[in-house]
Amino acid sequence: QVQLVESGGGLVQPGGSLRLSCAASGRTFSTYSMGWFRQAPGKEREFLAAITWNTGITYYADSVKGRFTVSRDNAKNTVYLQMNSLKPEDTALYYCAAKVKGITTARTMGQAQNYDYWGQGTQVTVSS
């Protein structure tokens, strides 16, 4: 069983930055590919970014490319999402997820159903 705990959300003004963290349990974190998603009220869960377990290849949704950066620290069992130039439309509940099996491609990493474990989410609100 893998447990994921997100942190770092909060209220930020437009144009500001936040860094989200996702701490994972388990001694095999380095073998998990990790993804970040978000869900705004009344909307479907949206893929944002992902990082593979072995090559460290990253994938991004077009909506956040150039503004968000995903990274991981296997020694700390933690994955991060650095978010810059935040906009009001970035307001949502942000989730991290672990993909512990299956192939890792841009397609599979971008689909929520391919992830095996999810955190509870951290709220990000972008407002002046």
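Q: Start with E10. Which residue stands opposite Trp118 in E10?
A: Ala97 stands opposite Trp118. Strands, labelled E, are DSSP runs of at least two residues, numbered from the N terminus.

Q: What kind of model is this?
A: It is a predicted model, where local features need pLDDT of at least 70, side-chain atom pairs count only at pLDDT 80 or more, and totals for chains, interfaces and linings use all residues. Residues are numbered from 1 along each chain as its sequence is written, and side-chain values use heavy atoms, with hydrogens and water left out.

Q: Back to E10. How many bridges join E9 to E10?
A: Two bridges, and the strands run antiparallel. E10 covers residues 117-118. Two strands pair if DSSP finds at least two bridges between them.

Q: Which sense does the pairing of E9 and E11 have?
A: Antiparallel, over three bridges. E11 spans residues 122-126. There, Val124 is opposite Ala92.

Q: And how many bridges are there between E4 and E9?
A: Seven, again in the antiparallel sense. Trp36 faces Cys96 of E9 in this way: the two stand opposite each other.

Q: How many residues of E9 are buried?
A: Seven of its eight, so the strand (residues 92-99) is mostly covered. Buried means under 20% relative accessible area, with a 1.4 Å probe and protein chains only.

Q: New topic. Where is Phe29?
A: In the loop between strand E3 (18-24) and strand E4 (33-39).

Q: Why does Phe29 count as buried?
A: Because its relative accessibility is 0%.

Q: What is Phe29 in contact with?
A: Leaving aside neighbours within four places in sequence, its contacts include Met34, Arg72, Asn74 and Thr78. Contact means heavy atoms within 4.5 Å.

Q: Where does Thr78 sit?
A: In strand E8, residues 78-83. Thr78 counts as buried because its relative accessibility is 9%. A polar atom of its side chain lies 2.8 Å from the backbone oxygen of Lys76.

Q: Which sheet order includes E8?
A: E1-E3-E8-E7, an open sheet of four strands with antiparallel pairing. E1 (4-7) and E7 (68-73) stand at the edges with a single partner strand each, so one side of each has no neighbour in the sheet. Neighbouring strands here are turned by 15 degrees against each other on average, direction ignored. Those angles use axes, lines fitted to C-alpha atoms, and angles run from 0 to 180 degrees between N-to-C directions.

Q: What is the bridge partner of Ser7 in E3?
A: Ser21. E1 and E3 pair over four bridges.

Definitions and conventions
Buried < 20%, exposed > 50% of the residue type's maximum accessible area, 1.4 Å probe, protein only. Polar contact = N/O pair within 3.5 Å; in protein donor to acceptor, adjacent residues only side chain to side chain.
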